[in-house]
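Dear colleague,

Please find below the structure that I am handing over to you. My notes on what was found in it follow directly after.

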Amino acid sequence: MNNKINKTISWSEVLRKYGTVIGTIIMFIIFSLVVDRFFTFRNLFMLLRQMSMLTIIACGFTFVMAAGGFDMSIGSVTGLVSMIFTIVLVSTSNFLLSFLIAIIVGLSVGLINAMLVAYINLPDFIGTFAVGSVAYGIKMLLTKGNPIFIKNPPEIFTFIGQGYVGAVPFPVILMLAFLVISIFILHKTKLGRRIYAIGGNTVASVYAGINVKWYRMITFLISGLSVSIAAIIMTSRLNSGQPLAGENFLLDVIAAVFLSTTMFGEGEPNAMGSFVGSLIISMLNNGLTMLSVPYYFQYITKGMVVIAAVMLAVVMGQKLRVKF
């Protein structure tokens, strides 16, 4: 007698775990059908290049949110790092020095955020928002709001944002490397497990002997590093330092990382989900721009996407582990 095992598909479970991925595929198909040049190799590579900076910052932001934190300074700090990087490069023509100073600036801001939030115990939203405001003021003070153009830039500088390895844009390679490293750290190391433990239950983590302040500081340093790398790529792409460049990253990164919490039914930020979230936001920006949709409708659309993701999570009974 043969035993027959009936396997039934729980569509609610599928939507709970993979609804965001399914929505991404549907969005891609719609844009491919509606926009003439959307589904072309040239545009797809452009899309990947455009989302590289967003994904890198989103991966860093994922560490902060996974530990139950928040970082409102990323947009202004991206612009500040870009401007300082440009000023040093124009003044010295030394790419290595400019690169190191840019990294140091990003890490320093991350450290300041960590001190304010983890050690002085300011609320994440208030502390990092204040740091972002200071960063915005400093970059305007340094530049008087004027862009700085880079004449005769070093080849390595141009290559970082505009170069190719074979047929693949170099920023895409940097993005994938940062993504893989983030996934590995968050899911395969003690550091990642403790970061998630802190985000899940801070009090229990303290009783378990985890140095919560130390690990939260590490997450802000990683966020600062990711901002520095993205700022260098952005400066190379623009071949200039633009004072207001980077400000739009704040909304896009928050949307991308929040979308990551709706993936795989985990209810917590994860790097792979942030990549998919970045793809969604970048596709919206790319597709709507190609359709000549005014920029203010793009903001409305991105806000509606996040609302829809939250509603889907609530309807499917998914508990979001997001704190402020």
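The residues that line the largest cavity are Asp 71, Ser 73, Ile 74, Val 77, Gly 106, Val 109, Gly 110, Asn 113, Phe 220, Ser 223, Gly 224 and Val 227. Two or more of the lining residues come from each of helix H3 (74-92), helix H4 (95-119) and helix H10 (212-238). Sorted by class, this lining has five nonpolar residues, six polar ones and one charged one. The volume of the cavity is about 50 Å³, and a search of the whole structure finds two cavities of 30 Å³ or more. Please bear in mind that this is a predicted model.

The open space is described next. The largest pocket holds about 750 Å³ of space. It is lined by 28 residues, of which Gln 50, Asn 248, Phe 249, Asp 252 and Asn 285 are the closest to its centre. The elements that contribute two or more residues to this lining are helix H2 (41-66), helix H6 (155-162), H10, helix H11 (249-260), helix H12 (271-290) and H13. Which of these elements gives the most to the lining of the largest pocket? It is H2, with six residues. By class, the pocket lining divides into 11 nonpolar, 12 polar and five charged residues.

H12, one of the elements that line the pocket, also packs in a helix pair. Its axis and that of helix H7 (residues 170-188) come within 8 Å and cross at roughly 145 degrees. On the H7 side, the contact is made by Met 175, Leu 179, Ser 182, Ile 183 and Leu 186. On the H12 side, Ala 271, Met 272 and Phe 275 take part. Seven of the residues in this contact are nonpolar and one is polar, while none is charged.

Finally, I would draw your attention to one residue of H13, a helix that also contributes to the pocket lining. Val 305 lies in H13, which covers residues 295-315. Which residues does Val 305 contact, leaving aside its neighbours within four places in sequence? They are Leu 259, Ile 280 and Leu 284. Val 305 and Ile 281 are 24 residues apart in sequence, and their C-alpha atoms are 8.9 Å apart in space.

With kind regards

Terms used:
Residues are numbered from 1 along each chain as its sequence is written. This is a predicted model: local features need pLDDT of at least 70, side-chain atom pairs count only at pLDDT 80 or more; totals for chains, interfaces and linings use all residues. Side-chain values use heavy atoms; hydrogens and water are left out. Helices (H or I, at least four residues) and strands (E, at least two) are DSSP runs, numbered from the N terminus. Contact means heavy atoms within 4.5 Å. On a 1 Å grid over the protein atoms alone, a cavity is a set of points where a 1.4 Å probe fits but cannot get out, and a pocket is an open set with protein on both sides within 12 Å along at least five of seven lines; lining residues have an atom within 4 Å of a point. Grid points are joined across faces, edges and corners, and a volume is the space filled by probe spheres set on the points. Ala, Val, Leu, Ile, Met, Phe, Trp, Tyr, Cys and Pro count as nonpolar, Asp, Glu, Lys and Arg as charged, and the others, Gly among them, as polar. Axes are lines fitted to C-alpha atoms, for helices over the stretch in contact, and angles run from 0 to 180 degrees between N-to-C directions.
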